[in-house]
Amino acid sequence: PLVESLGDEPFMVTADVTNDESMDACFKTLEDKWGKLDFLVHAIAFAGKDELQGSFTHNTTRLGFQRAMDISAFSFVDAAKRASALMPSKEEGGGAMVSLTYLGSERVVPNYNVMGVAKAALEAATRYAARDLGPQGIRVNAIAPGWFATEMNAEVAEDPDLVFGQQVALVGPDPLFLRTVVEEGSVFDGFPAGLDQGVDHTESDPSAAPAFPLRSGQDKDTAV
């Protein structure tokens, strides 16, 4: 596992985000280990492979919808509640939470289907969490880092160079901007910040795609 590369004493806790007892045990272990948490990164999502192809309307099942929402969106709400209880007070500097989203939350992306709906719910949850936790000095934001090659994406896409039916540029987050989101996110709390260099993933030719505005430019009063 990647955790083994982090140092001489790698520390990893497994948890099932669909199980309350498992989450209780996870955060109890974290509390016993460190006492407090400075930040939370929510980087988990799931939808059945069969529901990430073809028609959203015809291929989405009740169970699949519930599972995608539970794992991809509610898990952030649950983790945020638990993590916020361990974060420093506002006077001590507060904390930060970041969730990962994608453009398919607001635009129709072929084959993204139920995951787009789940990401839309995640973004809404991020805004409400920012409203609730802001007074505690906890900054809450979502970032959209663009598409990364994974085994799951390779299975869903018909061509390894295509993602959800559309060719995209493989880009990554700007480390400096990401640090700004985590450390100074209060400037635009509750907002999904695009970190994919403005590439419009709905275009077939990324090099010719018009840049869509980063939503991080809005001020604090309009962010939530």
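This report walks through some helices, salt bridges and individual residues of the structure above.

## Before we start

The model is a predicted one, in which local features need pLDDT of at least 70, side-chain atom pairs count only at pLDDT 80 or more, and totals for chains, interfaces and linings use all residues. Residues are numbered from 1 along each chain as its sequence is written, and side-chain values use heavy atoms, with hydrogens and water left out.

## Two helices side by side

Two packed helices are described by the angle between their axes and the distance between the axes. Here, the axes of helix α3 (residues 62–84) and helix α4 (residues 113–133) come within 8 Å and cross at roughly 20°. The axes are lines fitted to C-alpha atoms, for helices over the stretch in contact, and angles run from 0 to 180 degrees between N-to-C directions. Helices (H or I, at least four residues) and strands (E, at least two) are DSSP runs, numbered from the N terminus.

The crossing of α3 and α4 is right-handed.

## Salt bridges

Side chains of opposite charge can pair when their charged atoms come close. The whole structure holds five salt bridges, each being a side-chain nitrogen of Lys or Arg within 4 Å of a carboxyl oxygen of Asp or Glu. One of them joins D24 and R82, at 2.5 Å from N to O. This pair links distant parts of the chain: D24 sits in helix α1 (residues 20–34) and R82 in helix α3, 58 residues apart. D24 is partly exposed at 41% relative accessibility, whereas R82 is buried at 16%. Buried means under 20% relative accessible area, exposed over 50%, and partly exposed in between (1.4 Å probe, protein chains only). D78 joins in too, as D24, D78 and R82 are linked in a network of salt bridges.

Another salt bridge pairs K28 with D32, their closest N and O atoms being 2.9 Å apart. K28 and D32 are four residues apart in helix α1, so about one helical turn separates them. K28 is partly exposed, at 45% relative accessibility, while D32 is exposed at 55%. R131 and D132 also form a salt bridge, with 2.6 Å between the closest N and O atoms. R131 is partly exposed at 47% relative accessible area, and D132 is partly exposed at 42%.

## A nonpolar patch and a buried threonine

F56, F65 and V117 make a nonpolar surface patch of about 210 Å². F65 lies in helix α3 and is partly exposed, with a relative accessible area of 32%.

T126, in helix α4, is buried at 1% relative accessibility. T126 and V98 are 28 residues apart in sequence, and their C-alpha atoms are 8.4 Å apart in space.

Most residues other than glycine have a negative phi, and most peptide bonds are trans. Which way does phi go at N111, positive or negative? N111 has a positive phi of about 75° although it is not a glycine, and its place is the loop between β2 (95–100) and α4. N113 has a positive phi as well, of about 50°. N113 belongs to helix α4 and is buried, with a relative accessible area of 13%.

Technical notes
Patches are made of residues with over 30% relative accessible area and no salt bridge: like charges are joined within 9 Å, nonpolar side chains (Val, Leu, Ile, Met, Phe, Trp, Tyr) within 5 Å. Accessible areas come from the Shrake-Rupley method with a 1.4 Å probe; for residues, only the protein chains shown count as cover. A crossing is left-handed if the near helix is turned anticlockwise from the far one by less than a right angle, and right-handed if clockwise.
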